[in-house]
Amino acid sequence: MKNSDSPGQDAIADAGMVLAELREREAQLRSLGDSLPDSYLYQYTVEAGKPMFLYISSGVERVNGVRPEQVLQDPMCLMGQIEPGQLAAYIEAQAVSERELSDFEMELHLCRPDGEWRWLLVKSRPRKNAEGQIVWDGIATDITGRHLFETEINRLAQAIEQNPTGILITRTDGTLDFMNEACSRISGYRFADAYGGNLTVRNILFAKMDEAGYAEVLARLHAGKTWSGTVRNRRRNGDEYWQQATVAPVFDNEGKVASHLYLVTDVSGQKDAEAMRLRLAAIVESSHDAIVGKNLDGIITSWNKAAERIYGYSEDEVLGRHVSVLAPPSRHAEIQQHLDIVRAGGTVVNRESERVRKDGAVIHVALTLSPIRDATGAITGISTIVRDVTEKKHLEEELRQAGAYNRSLIEASLDPLVTISPEGKITDVNQATEAVTGCARAELIGTDFSDYFTEPEHARAGYRKVFQENSVRDYPLSIRHKDGHITEVLYNASVYRDENGNALGVFAAARDVTERNKAEKELLQNQHHAESLLRLSRNFEMAQSYRDVLAPAGDEIRRVIGYQTIWVFLFSDDRKYAYPLEASGAMSDGILQDEVTAKLTIPGDPMLEEIAAADHIVVVADALTDPRTNKEIVSHLKNRTIVNVPIIFMDKHLGSVGTGTFGDEGVRPPSPAEEQYLLALASHMAVTLDRLHLFFERRKAEAKITELNRDLEQRVEERTAQLEAANKELEAFSYSVSHDLRTPLRAIDGFSRIVLDEYADKLDDEGKRLLNIVRNNSNRMAQLIDDILQFSRTGRLEIAFTQVDMSGLAHEVAQELQETAPNPALEIRIGELPQVNGDRTMLRQVFVNLLANAIKFSRARELPVVEVKAERIGEEIIYSVRDNGAGFDMRYQEKLFGVFQRLHTVGEFEGTGIGLAIVKRIVTRHGGRVWAEGKVGEGATIYFALPAAQTAAMDWQGGHHD
């Protein structure tokens with residue numbers, strides 16, 4: 001009961017109860033809103049023209065895919081999902097509701113953040129709050145399922161009515177219940193004609209069928225079976241036609257026949273239509289443009305090969321999907337607009353737009369859309385022809401930019417740039433072109449562009465090629481400066497056109513490659529020098545006379561440098577005389593037979609004194625004018641350029657190898673690279689000359705011992721000791737040569753690396769590439785030196801014969817190589833191998849080289865397998881190492897065991913080609929032989945056979961015994 005003495009307190013209490021009740025109801029309402037399965041409640045108002053949500057239930061996350069707190073913070077995360085075409089209508093409906101305080105209801109089509117499209121029914125009711133602000137209370141319900149169902153029902157009804165196939169339905173007693181427009185059009189009868197039983201299905205669809213045939217149709221129907229066939233029929237006006245008819249029972253929920261369904265199609269012109277269809281299909285499939293068929297909702301229904309090429313999707317991947325899958329989101333509204341135009345009977349012609357390939361690449365296309373109509377003229381679908389104009393758009397953009405910035409870009413380039421008219425006349429140049437030709441811009445414009453090249457016709461051929469192929473890349477030419485200076489360049493050129501595609505001329509850019517070509521020539525020259533020295537090493541190793549040394553040396557000098565004659569002088573120990581040892585070439589007879597040169601006195605001859613004292617090359621550029629030369633000899637021999645290279649072995653100056661030009665050959669001093677080559681040649685020659693000298697000395701000693709027959713044993717021992725010392729000196733020299741050659745190689749590699757590290761910002765990509773080529777070749781040269789030494793050492797080592805356990809040796813090597821194998825799946829199988837008498841160290845090297853080779857060439861296999869086997873055949877034990885790797889062509893098997901002979905490039909498999917040559921040398925020195933078998937892609941087998949007579953008696957079961 002209220003206390004009448006305190007009405008204020010009672011009012012406060014009542015207000016509190018009302019407020020509590022309101023809060024409880026609000027909490028209940030919000031709880032109810034959060035529990036709705038496919039709906040959510042919301043409250044929102046409008047401030048400064050923008051929506052602001054005051055409340056939204058949790059169902060928004062299930063329906064729209066965004067959390068309530070996201071919507072409260074940023075309303076556009078919800079409003080932005082509405083299809084652009086509907087958003088304006090929604091805003092207009094809200095404005096009307098605000099103006100008239102009226103409810104509004106809309107079906108909205110929206111796209112969730114995950115890309116899923118849904119239909120939403122929104123109902124809102126406006127009210128004014130205590131502050132006079134309009135607030136909308138509303139509910140949003142997901143009606144996607146209902147909308148799709150209604151759409152499908154409508155589509156089905158339209159499909160039945162508009163279906164070109166005639167559809168007729170009767171009751172089981174034959175009473176007609178339904179006939180669509182197509183059935184009336186085919187038969188000529190209307191539904192009203194059959195009303196009241198005046199006509200039957202027999203009259204309408206089977207007028208020409210005999211009684212027996214029609215009885216069969218009815219029998220199958222009453223038996224609950226389907227009948228189908230092509231029959232002749234008669235229309236209402238008497239015309240006859242062919243129809244394809246299908247009759248089927250329709251069952252109710254209890255499985256009883258409730259009605260009969262008749263489907264008929266006029267197939268009179270089927271053959272002509274089929275032929276036409278085939279022709280149209282061939283046209284569609286052979287088109288270079290994409291031809292895409294869609295229904296009126298934009299669902300793809302057909303897809304030709306050109307569409308597959310342009311978009312990257314196969315037919316199976318797109319049929320049944322909406323055409324918007326081919327466009328970026330920014331073009332979806334445009335697609336809808338196009339669909340609306342065509343559905344209304346209009347066309348879209350050559351409309352440029354953007355589309356997206358399957359791989360995500362954006363392409364530019366030109367679209368032509370037109371309606372597809374049936375025989376009645378009704379629009380049943382949409383045909384789209386798509387032409388990929390991406391390249392055209394890029395070219396237009398390039399031409400536009402070129403037109404806008406042509407002048408500034410031309411002048412900004414350090415490379416010579418020029419524009420040339422279709423007639424071959426220069427129309428514009430930059431300052432770099434002026435510099436490279438020595439001609440001012442005003443002089444160049446209007447002249448023939450080819451006049452400034454060393455080979456004008458070659459330049460014109462390149463210009464014609466630009467028009468034929470639209471561009472040329474890295475076209476080599478040489479520009480002649482006014483002062484005669486030549487600049488080697490690579491030209492890149494392309495045709496530039498006007499807006500209509502007409503050629504206006506050619507834009508050409510030249511890159512100065514003079515220094516690059518020079519570096520490449522030097523690199524190639526160094527490679528040729530290295531190959532030449534390698535050939536000399538092989539020839540010198542077999543030399544048995546001084547001519548065996550001079551002949552190949554002369555051949556290499558003629559091949560590498562071009563000097564036609566070489567000679568050798570040996571100095572006396574006291575440096576007083578120079579003796580002509582041998583000569584090769586055009587002037588060799590004169591050098592050897594001339595009495596003046598039979599024995600040359602060194603003291604008093606400035607030229608010979610300098611040569612005898614020099615540890616470096618002595619070059620006389622022109623012997624006719626140089627004060628150091630003996631003019632009497634020069635006059636007789638007609639020397640011009642003379643090059644003398646010291647022959648030094650183990651710090652002992654043995655003599656000099658000379659070469660140069662004579663008479664009409666003119667003056668031609670060697671380049672620095674050629675001087676280095678000649679020094680290396682002389683170093684190789686020194687080893688061989690010293691060996692031959694010792695050999696000849698030993699022969700003289702042996703002859704003297706035979707003649708005198710005294711102190712034979714002592715002298716043989718002395719000479720033998722000298723030979724052993726010479727061999728040691730030879731080996732020491734090999735290491736010296738290795739060191740001497742490695743030092744400049746390390747310098748080349750080191751300074752190249754310094755340039756790359758410290759001057760990288762000053763080098764362009766081409767400069768870096770060239771330096772890396774220098775480094776790679778210097779490293780390869782170092783490996784060549786190591787392999788040469790190893791190969792040479794293998795031939796000099798003495799064989800220490802012992803009993804060798806070949807099985808244990810193979811297992812030992814295999815275990816070491818397995819640990820560092822590039823493919824962990826490698827399997828090495830080793831059978832029982834017989835023992836053999838041989839040098840264990842050398843035979844171990846055989847297994848190392850063969851197993852390493854097999855592992856290297858099989859590493860690309862998923863399961864590489866290497867097998868080691870042996871068997872005894874006759875007087876030999878034959879060992880084999882087989883792999884399942886790259887293999888080789890048997891036509892080139894002889895190359896396998898040659899020094900530096902390779903059947904694979906360094907890019908495929910590393911190495912220098914010395915390994916199998918070492919194997920052959922070791923096996924040959926053991927009295928054996930080697931050979932190989934293989935097939936490309938199926939692996940290779942290397943065999944080596946050792947004499948069975950050297951094997952120890954043992955119980956070996958691995959092979960057969962003779």
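Modeller: The model is a predicted one. Its chain has 962 residues, of which 40% are buried, and its secondary structure comprises 28 helices and 33 strands. Of the contacts between residues at least 6 apart in sequence, 52% link residues at least 24 apart.

The pair in question is helix 26, residues 806–819, and helix 27, residues 840–858. Their axes lie 9 Å apart and form an angle of about 45 degrees; the two helices are therefore oblique to each other. The crossing of helix 26 past helix 27 is right-handed. On the side of helix 26, the contact is made by Met806, Leu809, Ala810, Glu812, Val813, Ala814, Glu816 and Leu817. Helix 27 contributes Arg840, Leu843, Arg844, Phe847, Val848, Leu851, Ala852 and Ile855. Sorted by class, the residues of this contact are 12 nonpolar and 4 charged, with no polar ones.

Helix 27 also contains Ser858. The relative accessibility of Ser858 is 0%, so this residue counts as buried, the limit being under 20%. Its side chain comes to 2.7 Å from the backbone oxygen of Ala854. Apart from neighbours within four places in sequence, Ser858 has contacts with Pro864, Val866, Asp883, Asn884 and Gly885.

Note on methods: Residues numbered from 1 in each chain as written. Predicted model: local features only at pLDDT ≥ 70, side-chain atom pairs only at ≥ 80, totals over all residues. Heavy atoms only, no water. Axes fitted to C-alpha atoms, helices over the stretch in contact; angles between N-to-C directions. Helix = DSSP H or I, 4+ residues; strand = E, 2+ residues; numbered from the N terminus. Parallel < 35°, antiparallel > 145°, perpendicular 65-115°, else oblique. Left-handed = near helix turned anticlockwise from the far one by under 90°. Contact = heavy atoms within 4.5 Å. Nonpolar A, V, L, I, M, F, W, Y, C, P; charged D, E, K, R; others polar. Buried < 20%, exposed > 50% of the residue type's maximum accessible area, 1.4 Å probe, protein only. Polar contact = N/O pair within 3.5 Å; in protein donor to acceptor, adjacent residues only side chain to side chain.
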